[in-house]
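Student: I'd like to go through the salt bridges in this one with you. Could you take me through a few pairs, one at a time?

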Amino acid sequence: MECLSEARRVRTWEIPMPGGCSIRAVWILNNFDAVVFSRKFPVVERQWRSACKSNLDDDVYTLLPNDSKLSSSFVQRRKREGSTRGCGLRVARSTQGSDSWVDDSITRHVISLAINNSNGDGDGDGDGDGEGKGKGERSHLLWPLVLHIRPPYFILVLPLVEPRHVKAYARLCKRSDCGNAVGEEGSLSSLLLDLPSITGAFMVAHAIGDVITGDVADPEVVVNASPSVGGLFDSLTGSIGISGISSRAKPVAAPVASVTPSAAAATGAVAADTPKIGSRPLDKDALRTFLSSSMPFGTPMDLNHSNIFAIKTNGFSPLDLPPPDLKQPAWKPYLYKGKQRVLFTIHETVNAAMYDREEIPDSISVSGQINCRAELEGLPDVSFPLTGLNTAQIEVLSFHPCVQVPENGLNKQAVMFSPPLGNFVLVRYQANCSLGPPIKGFYQLSMVSEDEGAFLFKLRLIEGYKAPLAMEFCNVTMPFPRRRVVSFDGTPSIGTVSTTEHSVEWKIIGSGRSLSGKSIEATFSGTLRFAPWQIQRIPSSKNAYVNMGDEDSDTENESTNNVVNVEEFLMEKMSKDLPAVDLEEPFCWQAYSYAKVSFRISGASLSGMSIDPKSVSIYPAVKAPVEFSTQVSSGDYILWNTLGKCPSAATT
């Protein structure tokens, strides 16, 4: 979010250039390496051309390639980088000038392409002037290209940077020392930290991915049931929780001073690297509408596609204009009308790796976010102190762009924001679990024969947790994706047991019950019998594994349309003597066994983060009730088999 805040300021360039983020071009390729959509922004391209000419940077100036050249260069990069090198790892077969030569995993997501501009025949900057280099065949570096993979599509976004940054990256691609350490001057990380446009380009790529796949999940806010207004507009706004907006004509949006991308774009981990076939066809009209409205002339304004499509459907009206002395932000295109209230929900996800071994410490962490919906008329400001920061031991803290954080305290942080329309994520954070693990204990599994195993669980639930904290349900699952369960014998001290062909599920606390105010101990022992073991070959469709026995994948099939990533390469290395495993269960090989715990806790956060509804103030003052709720759920909460092999992170 530091980059996001930087993107909101006007930076001083060597020559006049816009602050924040501007996009030169967008390309979308399918899994057959064909460009199915492209959009270039002539205004931004003129700025790039002027910057190169003003600084006499003719050696880095390149016209935007046409779609066929872009596709060809993308294919050549994949062949050149291979699998391991495609993740930014320099190996013996890496070539100088390639992304892997930089030896930084960031080049997995921020890539470069070598564009062959023979006789300047690129399609130019899109403004029709046909200007080319005319210097014969030469290759130019197109960087930084943000690569976001949203199966079955590859999304490439090219932000505007200074020519000196492109030259700095070109120098990194030729260094023999693999670059400097992270954070030191001259490293790729240091270079990217000086480029807030990279953050903006990632947000654009993620938003485009949401539009073309329809994979959109709005943040959940726990609210009481309220009547809906119905109609076509309701179908658009209902998914984001806008229950009180009138379906009449909407007010005209006032101009916005800042050019900040909305944080409503999806964030988080990058999608899997293997495109899949069978998704819905690309809706080019919807994508064109989104790009034209969300980033006119190449400058991202509001990447919330729900707002964009609602504006397209309903338009604006000169009625009910905002006060003349206030500017209506881009993230709030319509003013709310109806019953006023403010709702906050803290959602936390607990991830843990429990080993029950002296030589390996247990690991537990909390990822959380504060979701908000402010149903307030006009354009008010909402402020409150965020309590629990000191107790929560926050490791990462970021805010929505609409938030101002004016002061820091020992155990509170004042937060003031002008709320967007609908549900939005106000704060994201990562923290330690201040209350300790909600589930402690161990899991043991011993194979007494090739097809029979004995297991034992001994767990303690919510030890040290007090009311109002309550565990609503708790399940433990033993997965066996490569073995078929024939029979099962055992009775738990509490709960019920069910089996499938490849798993055993233990429901300690079922839905409809809850555990609050006291800790309980749950034990479960028994035996399992599996079907006779059968050697299973690697499916031929997974050609990602073929020819990967050497250090790298230079011998891989050139016709493959799958991007092979380093995780698959390492999995093949580690499982040479073991049967292959489905990718959805990457750790459940023959050598490893574990149990996964699922639970939900209500009543309070586990990190200590909280909001006091009485401390929330609204300006101008209005009578609006403030509601606050919390939800805690398990993520990857793993109990590794104490008697078996287990992976763990090396400590330094």
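Student: How many residues apart are Arg-288 and Asp-285 in helix H8?
Tutor: Bearing in mind that this is a predicted model, Arg-288 and Asp-285 sit three residues apart in helix H8, which spans residues 284-294, so about one helical turn separates them. Their side chains meet in a salt bridge, with an N to O distance of 3.2 Å.

Student: And is that pair buried or exposed?
Tutor: Asp-285 is exposed, at a relative accessible area of 54%, whereas Arg-288 is partly exposed, at 39%.

Student: OK, switching to Arg-77, what does its side chain pair with?
Tutor: The side chain of Arg-77 forms a salt bridge with that of Asp-99, at 2.9 Å from N to O. This pair links distant parts of the chain, 22 residues apart, since Arg-77 belongs to helix H3 (residues 67-81) and Asp-99 to the loop between H3 and strand E3 (110-116).

Student: Buried or exposed, those two?
Tutor: Arg-77 is buried, with a relative accessible area of 6%, and Asp-99 also counts as buried, at 0% relative accessibility.

Student: What about strands, where do Asp-636 and Lys-596 lie?
Tutor: The side chains of Asp-636 and Lys-596 meet in a salt bridge of 3.4 Å, N to O. Asp-636 lies in strand E23 (residues 626-640) and Lys-596 in strand E21 (residues 594-602), so the bridge ties together parts that are 40 residues apart in sequence. Asp-636 is partly exposed at 47% relative accessibility, and Lys-596 is partly exposed at 30%.

Student: Last one, how many salt bridges does the structure hold?
Tutor: It holds 16 salt bridges, and Glu-162, Arg-164 and Asp-194 are linked in a network of them.

How values were computed:
Residues numbered from 1 in each chain as written. Predicted model: local features only at pLDDT ≥ 70, side-chain atom pairs only at ≥ 80, totals over all residues. Heavy atoms only, no water. Salt bridge = Lys/Arg side-chain N within 4 Å of Asp/Glu carboxyl O. Helix = DSSP H or I, 4+ residues; strand = E, 2+ residues; numbered from the N terminus. Buried < 20%, exposed > 50% of the residue type's maximum accessible area, 1.4 Å probe, protein only.
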